[in-house]
Protein chains: 2
Amino acid sequence: MELYAERGFDATTVAEIAERAGLTERTFFRHYADKREVLFAGATELQELLVRQVDQAPAGMPAMDVIGAALTAMATEMFAEGHDYARQRQAIIMANADLRERELIKFAALGAAVAESLRRRGVTDPAASLAAEAGIAIFKVAFERWVSDTGQRSLAQLMLDSMAELRLVTHPEELASDESSG
Amino acid sequence: MELYAERGFDATTVAEIAERAGLTERTFFRHYADKREVLFAGATELQELLVRQVDQAPAGMPAMDVIGAALTAMATEMFAEGHDYARQRQAIIMANADLRERELIKFAALGAAVAESLRRRGVTDPAASLAAEAGIAIFKVAFERWVSDTGQRSLAQLMLDSMAELRLVTHPEELASDESSG
DNA sequence: ACTCTGATGTCAGTGACTGCCATCACTGTA
DNA sequence: TACAGTGATGGCAGTCACTGACATCAGAGT
């Protein structure tokens, strides 16, 4: 992380990382599948947490409500890791095309895992996929705001906001008077 | 494409591709940014077509309707490339993690471009992003079905189906009697 | 014949990643 | 203590994607 922040991702060699970490290049690749994985090590925990939330949601709850509850729960529990750390990591990721790719694959894996969890709840197949994708979209928007924001609002709150906005988009006939002000 | 299909993506070296194509390895990299790009060369055209459709949609049309019209138009115009070719390419892509990553980045670029196009129409920022993401989700589901299907139904029809299903997920209160039968 | 330009070939190099084998710390067993 | 097994690590050589620098060559214009 230090080296990536100092000189950028591309300009950092695995040999340098290994040296700074006090181990061999060979050993580095035994811990991380590739150079990028250093930045995405926590993604699996995040996925497990989200899936657990969906699995444990009360039966009969509508799919999007389950998603919403899981997302806000994740936002509260998970991102105690710190706003600054998340921001630095995100800056590194956004500065490099390969890292952006890897981030997308992580999101996709998240979506797939959530969809599978929804299916376990009895949600039918297209609905499960679409609800999961919508959830990921909500998460992306909220997370992006949280990172680029000065840090005033909590990730959980931003998650709720972005969820409400998705409803506005897909249910335009429900809107009262919000259209002209947004 | 031949080599990828014959012996797999990983087992195919750029040197082999260059030899089969009758050119140098160096020249290959002048045409394609990397080894994967061979399979995604057509993605830019697809993106331009989609953006053009959104840009040219009548003013005042709701965002999701614009997306829907653009997607079906794209489905009709674009995928005259052939079902078999698309299926072979998709098999190659799904068999390799790096290729799946690249596909996701292409989808993300598509989404970003569509969102930008929606913003040019005056759609406000969160709505534009979310509508675009929803459009991509619709496209993914429809495309996946089209590829894995025996080829009976057109991509355009599958696109309409998946779009209707997204509405069902996000507007559960509208459903008439479909829930128990799906 | 000359020049300019763009596409290609040639060559050497960097760096990510892998396979193979030796080493070493640690654990359980006699 | 001695011994064997196991898991993590180091060391080393190799493959291969990808890049930069330079030479070459074909075609267009003059």
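Guide: Helices here are DSSP runs of at least four residues, numbered from the N terminus. The model is predicted. With that label in hand, turn to the largest pocket.

Visitor: Which helix gives the largest share of the lining of the largest pocket?

Guide: That is α8(B), with 10 residues. The pocket has a volume of about 1100 Å³. Its lining counts 35 residues, and those closest to the centre are A108(A), E133(A), L104(B), K140(B) and E144(B). Both chains take part: α7 and α8 of chain A, and α6, α7 and α8 of chain B, each give two or more residues.

Visitor: How many charged residues does the lining of the largest pocket have?

Guide: There are 10 charged residues, beside 20 nonpolar and five polar ones.

Visitor: What lines the second largest cavity?

Guide: Residues of chain A, among them L50(A), V54(A), I67(A) and F139(A). Its space is about 70 Å³. Helices α4, α5 and α8 of chain A each give two or more residues, and α8(A) gives the most, with four. The lining has nine nonpolar residues, one polar and no charged.

Visitor: Which residues of α4(A) are buried?

Guide: L46(A), L49(A), L50(A), V51(A) and V54(A). The helix length can be checked too. At 1.5 Å a residue, the 14 residues of α4(A) should span 20 Å; the end C-alpha atoms are 20 Å apart, so the two agree.

Visitor: Is L118(A) buried or exposed?

Guide: Buried means under 20% relative accessible area. L118(A) has 0%, so L118(A) is buried. This residue sits in helix α7 of chain A. Beyond its neighbours within four places in sequence, L118(A) is in contact with V54(A), V66(A), I67(A), V123(A), A128(A), A131(A) and A132(A). The C-alpha atoms of L118(A) and A128(A) are separated by 5.7 Å, though the residues are 10 apart along the chain.

Visitor: Where does pLDDT stay under 50 in chain A?

Guide: Over residues 178-182 of chain A, where the model has two contacts beyond four places in sequence. Chain A as a whole averages a pLDDT of 88, and 91% of the residues score at least 70.

How values were computed:
Residues are numbered from 1 along each chain as its sequence is written. Chains are lettered from A and ligands numbered from 1 in the order in which they are written. This is a predicted model: local features need pLDDT of at least 70, side-chain atom pairs count only at pLDDT 80 or more; totals for chains, interfaces and linings use all residues. Side-chain values use heavy atoms; hydrogens and water are left out. On a 1 Å grid over the protein atoms alone, a cavity is a set of points where a 1.4 Å probe fits but cannot get out, and a pocket is an open set with protein on both sides within 12 Å along at least five of seven lines; lining residues have an atom within 4 Å of a point. Grid points are joined across faces, edges and corners, and a volume is the space filled by probe spheres set on the points. Ala, Val, Leu, Ile, Met, Phe, Trp, Tyr, Cys and Pro count as nonpolar, Asp, Glu, Lys and Arg as charged, and the others, Gly among them, as polar. pLDDT is the predictor's confidence in each residue, from 0 to 100. Contact means heavy atoms within 4.5 Å. The expected span of a helix is 1.5 Å times one less than its number of residues. Buried means under 20% relative accessible area, exposed over 50%, partly exposed in between (1.4 Å probe, protein chains only).
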